[in-house]
Amino acid sequence: MPVLDLKDIHKSYRSHLSIRKHWVLRGLSLAIEPGEIFGFIGTNGAGKTTTIKLALGLIFPDSGSVRLFGQEAAQVELRRRVGFLPENPYLYDYLTGEEFLDFHARLFGLDAPARRGRVRELLERVGLANRGDRQLRHYSKGMLQRIGLAQALINDPDLVILDEPMSGLDPIGRREVRDIILDLKARGRTVFFSTHILSDTEMICDRVGLLVRGSLKAVGRIEELVSQEVPYWEVALQGIADGDLPCGQVVSRRDGRILVRVDSQGDLHRLVSTLNGGGARLVSVTPGRQSLEDLFIREARAPAPPQAEERERHAR
Amino acid sequence: MLVRINAIALNTFREAIRHRILYLLLIFAVAMISFAQILSLLTVGSEEKIIKDFGLASIDIFGVLTAVFIGIGLVSREIERRTVYTLLAKPLHRFEFILGKFAGLSLTLLVNTAVMAVWFFLVLLLKGMFDWRLLIAVLLLYFQFLLITAMAVLFSCLSTPILASVMTLALYAIGHLLWSLDLLAARLTAGWGKLVCRALYFVLPNLGTFDIKGEVVHGLAIDGTRVLWAAAYLALYGSATLWTACAVFERKELQ
């Protein structure tokens with residue numbers, strides 16, 4: 001049973017004075033499985049935060065269903081099992097780190113000794129053990145992100161939802177957040193986080209979902225997504241002149257070696273077959289592996305599908 | 001439920017007492033109450049009446065300003081700064097958030113009113129002018145602050161902070177002038193105009209219910225039923241306002 005299950009979600013906003021609807025999500029379906037780290041990637045404005053808010057009941061879908069742990073997500077009690085860190089959180093800067101965590105622990109009805117223990121444990125876990133008595137207004141951005149993460153973990157949740165947890169952090173801060181996410185997985189928790197930092201996604205995610213203009217363009221394990229096609233090959237040859245190449249594009253030349261890029265399997269065969277007759281030697285053939293970034297850019301740049309525009313017209 | 005409402009209330013109170021505006025308003029109120037003594041020397045009339053009148057008016061105005069600015073600030077800011085996201089992602093019902101905010105603000109106003117009142121009573125005690133009926137007048141003023149806070153919370157759920165402040169202050173002014181609407185209705189002949197005036201008279205908050213400054217300052221007797229009616233009015237009107245705020249917030253999209 002998925003931990004979080006979104007089915008055919010449509011969501012639109014209407015600005016104050018306009019009767020025109022702006023569609024943010026168009027038929028989004030997504031299932032997050034227990035124990036996985038799921039990276040939700042997409043451009044700014046793709047609908048990632050909207051999806052997260054829907055999952056938490058902060059906003060309501062126009063149509064479709066949102067289920068948490070197999071039940072209607074609107075049930076407030078289900079949030080006992082959920083932890084959430086919003087994007088660029090503005091936390092209560094007049095509170096100290098300890099007071100801030102204690103306040104959130106109170107919302108779960110923990111008694112004073114349990115709260116004290118939990119607060120101490122979490123401050124240590126996020127590396128703020130000696131800063132708990134300082135007001136949040138004196139925290140750096142990285143420290144705020146870490147205390148924000150700590151409040152998301154105050155109830156030891158089964159599902160942790162993080163909205164852009166690495167945004168604005170320096171490499172050390174990102175590393176720390178990554179380690180906390182991996183630690184959560186090691187403890188058997190499910191992590192669903194949105195981001196546009198692809199290197200982090202590739203490094204830690206079990207699965208990713210790519211959201212473009214409110215539609216899920218791809219979802220699956222990174223190896224599955226990026227190895228679906230080989231868009232080009234790089235062929236290293238020795239002892240051949242540029243003029244003898246039947247096709248392809250020269251990428252570099254060095255010490256009599258030439259690196260040629262061909263964009264189709266047919267071109268690859270033609271190139272390799274020309275070597276049979278001459279004195280040229282094939283050094284290597286490397287399939288150009290598509291990266292997550294390539295997939296991201298290609299999907300983000302693709303024109304909007306006509307049915308999306310059709311729906312937009314229909315909604316007016 | 002109560003545990004969560006308590007947590008929100010405590011945090012709201014904590015935020016309010018760490019707010020500079022609260023202290024600024026308190027300092028102004030204390031200064032105004034003290035200024036009443038100087039004013040009484042410069043004005044023709046009974047010194048006692050002027051000090052009492054000016055003191056109660058100061059508590060009234062600064063209490064209302066605290067209810068409006070702190071009240072609206074604390075609710076709107078939670079929404080604007082998105083701190084409410086982390087709260088509502090917890091097992092916290094939206095109505096619990098609203099009631100917790102109201103409870104925290106009520107506690108803040110209680111402390112605020114108590115500080116102003118203690119200073120006011122000290123001034124009067126030193127001058128030998130203290131009258132126990134002033135306690136009732138201050139209690140009714142506190143009732144009024146609670147009602148205004150409920151309205152401020154409602155408007156914060158409906159609108160932007162500036163508009164919510166304007167609307168709450170406008171209702172405060174209207175609430176004190178509501179007797180004129182009753183007067184107008186009495187003078188109109190039967191028809192739509194009279195009906196509208198009557199309807200507005202019953203729907204809009206009648207803040208005159210909480211105003212016994214005149215009676216206290218002039219040493220007139222205070223009818224016990226008046227105080228009971230004020231408490232009942234606060235309970236009914238305040239509950240209805242808070243219920244509406246909860247209903248509005250329940251459906252609010254937190255974009």
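Modeller: A residue is buried if 20 or more other C-beta atoms lie within 10 Å of its own. The model discussed here is predicted.

Biologist: Why is A:Glu164 called buried?

Modeller: A:Glu164 has 22 other C-beta atoms within 10 Å, and the cut-off is 20 or more, so A:Glu164 counts as buried.

Biologist: Where is A:Glu164 found, and what is its phi?

Modeller: A:Glu164 sits in the loop between strand E7 (159-163) and helix H5 (171-186) of chain A. Its phi is positive, about 50°, although A:Glu164 is not a glycine.

Biologist: What makes A:Arg213 buried?

Modeller: Its count is 21 other C-beta atoms within 10 Å. Buried asks for 20 or more, so A:Arg213 is buried. A:Arg213 lies in the loop between strand E9 (207-212) and strand E10 (215-220) of chain A. A:Arg213 is not a glycine either, yet it has a positive phi of about 45°.

Biologist: Turning to chain B, how many helices and strands are there?

Modeller: Chain B has 11 helices and zero strands. Along the sequence the pattern reads α-α-α-α-α-α-α-α-α-α-α.

Biologist: How do you know whether the radius of gyration of chain B agrees with that of a compact globule?

Modeller: For 255 residues, a compact globule would have a radius of gyration near 18 Å; chain B has 20 Å, which agrees. The C-alpha trace of chain B spans about 60 × 55 × 30 Å along its principal axes. Of the 255 residues of chain B, 42% count as buried. Among contacts in chain B with a separation of 6 or more, 81% come from residues 24 or more positions apart.

Biologist: Why are H5(B) and H6(B) called roughly antiparallel?

Modeller: The axes of helix H5 (residues 94-126) of chain B and helix H6 (residues 133-158) of chain B cross at roughly 150°. Angles over 145 degrees count as roughly antiparallel, so H5(B) and H6(B) are roughly antiparallel to each other. Their axes come within 10 Å, and H5(B) passes H6(B) in a right-handed crossing.

Biologist: Which residues make the contact of H5(B) with H6(B)?

Modeller: From H5(B) they include B:Phe102, B:Leu105, B:Leu109 and B:Phe121; from H6(B) they include B:Leu141, B:Tyr142, B:Phe145 and B:Val153. By class, this contact of H5(B) with H6(B) has 15 nonpolar, three polar and one charged residues.

Biologist: What makes H8(B) and H9(B) roughly antiparallel?

Modeller: Helix H8 (residues 178-187) of chain B and helix H9 (residues 192-203) of chain B have axes that cross at roughly 155°. The cut-off is over 145 degrees, and H8(B) and H9(B) are therefore roughly antiparallel to each other. The axes come within 9 Å, and H8(B) passes H9(B) in a left-handed crossing. Residues in the contact include B:Leu181 and B:Leu184 of H8(B) and B:Cys197 and B:Tyr201 of H9(B). The contact of H8(B) with H9(B) has seven nonpolar, no polar and three charged residues.

Biologist: How many residues does the contact take from chain B and from chain A?

Modeller: It takes 21 residues from chain B and 25 residues from chain A. Helix H1 (2-17) and helix H4 (83-88) of chain B each supply at least two residues of the side of chain B that touches chain A. That side of chain B has nine nonpolar, five polar and seven charged residues.

Key: Residues are numbered from 1 along each chain as its sequence is written. Chains are lettered from A and ligands numbered from 1 in the order in which they are written. This is a predicted model: local features need pLDDT of at least 70, side-chain atom pairs count only at pLDDT 80 or more; totals for chains, interfaces and linings use all residues. Two residues are in contact if their C-beta atoms, placed from the backbone, lie within 7 Å. Helices (H or I, at least four residues) and strands (E, at least two) are DSSP runs, numbered from the N terminus. Ala, Val, Leu, Ile, Met, Phe, Trp, Tyr, Cys and Pro count as nonpolar, Asp, Glu, Lys and Arg as charged, and the others, Gly among them, as polar. Axes are lines fitted to C-alpha atoms, for helices over the stretch in contact, and angles run from 0 to 180 degrees between N-to-C directions. Angles under 35 degrees count as roughly parallel, over 145 as roughly antiparallel, 65 to 115 as roughly perpendicular and the rest as oblique. A crossing is left-handed if the near helix is turned anticlockwise from the far one by less than a right angle, and right-handed if clockwise. The radius of gyration is taken over C-alpha atoms; the globule rule is 2.2 Å times the number of residues to the power 0.38. A residue is buried if 20 or more other C-beta atoms lie within 10 Å of its own, exposed if 12 or fewer, and partly exposed in between; C-beta atoms are placed from the backbone.
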